[in-house]
Amino acid sequence: MFALAYVDGGMPHVHVLRVGETLIGRTPACDLIINAPSVSRRHARLRVVGGRVFVRDADSTHGTAVNGMPIFEEQEIVSGDRLLVGEVEITLIQDLPESELRSESHQVVGQTGHLVRRVDDDRAVTRAAPGDLNAAADVAPLAPPRSERRGGNDRRTVDLGRLSRVAQQLMQETWRRERLQRHHSPGVIERVLQGTDADQRFIPQQRDVTVMFCDIVGFTTLCEQLEPAAIGDLLNSFFGQMADIIFDHEGTLDKFIGDAILAVFGAPFDQPDHAARCVAAALAMRRQLAHFNLEQPHPIRMRTAINTGRALTGDIGSPKRREFTVLGDVVGIAAHLEASVAQPDQIVISDRTREQLGAAFQLRPLGVVSLRGRESNLAAFEVIG
């Protein structure tokens, strides 16, 4: 028997998948109703047949993804896979056999298939949550147990609080995953969540990294020509496509600064080839911008600058709000290279970055440049390909 675990409106939910098709969306006609703005009226369809589960997008506005990858045709999913329906994350869990699931120790609420369970052994907990959930449940305060007679001499002790702790753990992991998705690629997120030192990754620490700055050329003039709503649509589309490329190369998206993007490679995990990854991402972003402009009534251009060095990376901020970021001179140099050296459509790198690349890329020397506010000059290079 399969079920879906998700959080809607800040509350954890479990939905039982029956054999046949399940429609997910916002309309009352759906089998699983999720009232979130990013979820379409009819968003995705799941099909349970022969003990297997298949999912396909139902021509939704924001699409459906499996484990971070968008789907364009029906594909099979297995227990533990994570669906992204709009911006709502849903985890497929494989529960007890239906004969046991629909026993008197369970209750299906209403007509929606939502399930309330009294879990009486650890098997269901283990299969209903991520790997460390059982341990988390074991150390949590137990709800008062109850005994009930199931027939004959089979008297079982049930823990009414265990499922609540399972749902809370799923909600907590969903919150962590949503937070990580703002900065990191799906591959990095999985490594963070599966690692035993996940929290240590975000304690501020010094690392060797490569930083990328890129921004849109002539953005102020563009804002004078377009309505604010059109500018917002343009930036959302541009940032979305550029961020996807950064994530494809396992980079970290530090932040959007107006019309600019700050990305870092080499954090939160060490990457011996962080400089090469960053330059490869910049080249891919330039190629993608050419395709992007084919569909734009107002084509845009961008400048990109890259620098390598020692930086402080991790969660920085106040006790009430912290964000992953990168700090240090390496960031300032990249920003100055982008602002005063890089020309439209150019990718400019520092000599420090060039030293890390070897002969992997074609470069053109730009000579020694002077950056505002810095006493020493540095050599700069243009990345041709």
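How many disulfides does the structure hold?

## Cysteines

The structure holds 0 disulfides, a disulfide being a pair of cysteine sulfur atoms within 2.5 Å. For Cys214, the nearest cysteine sulfur is that of Cys278, 9.6 Å away. That distance is too far for a bond. Cys214 is buried, at 0% relative accessibility, and Cys278 is likewise buried at 0%; buried means under 20% relative accessible area, with a 1.4 Å probe and protein chains only.

## Basis of the model

This is a predicted model, in which local features need pLDDT of at least 70 and side-chain atom pairs count only at pLDDT 80 or more, while totals for chains, interfaces and linings use all residues. Residues are numbered from 1 along each chain as its sequence is written, and side-chain values use heavy atoms, without hydrogens and water.

## Nonpolar cores

The largest nonpolar core has 39 residues; such a core is a set of buried Ala, Val, Leu, Ile, Met, Phe, Trp, Tyr and Cys residues joined through side-chain atoms within 4.5 Å. Elements giving two or more residues to this core include α7 (228-248), α8 (274-294) and β19 (302-317); helices (H or I, at least four residues) and strands (E, at least two) are DSSP runs, numbered from the N terminus.

Phe238 is one of the residues that touch the most other members. Leaving aside neighbours within four places in sequence, Phe238 is in contact (heavy atoms within 4.5 Å) with Ile216, Ile261, Leu289, Phe292, Ile300 and Met302. Apart from this core lies another, of 21 residues, among them Val48 and Ile71.

How values were computed:
Buried < 20%, exposed > 50% of the residue type's maximum accessible area, 1.4 Å probe, protein only.
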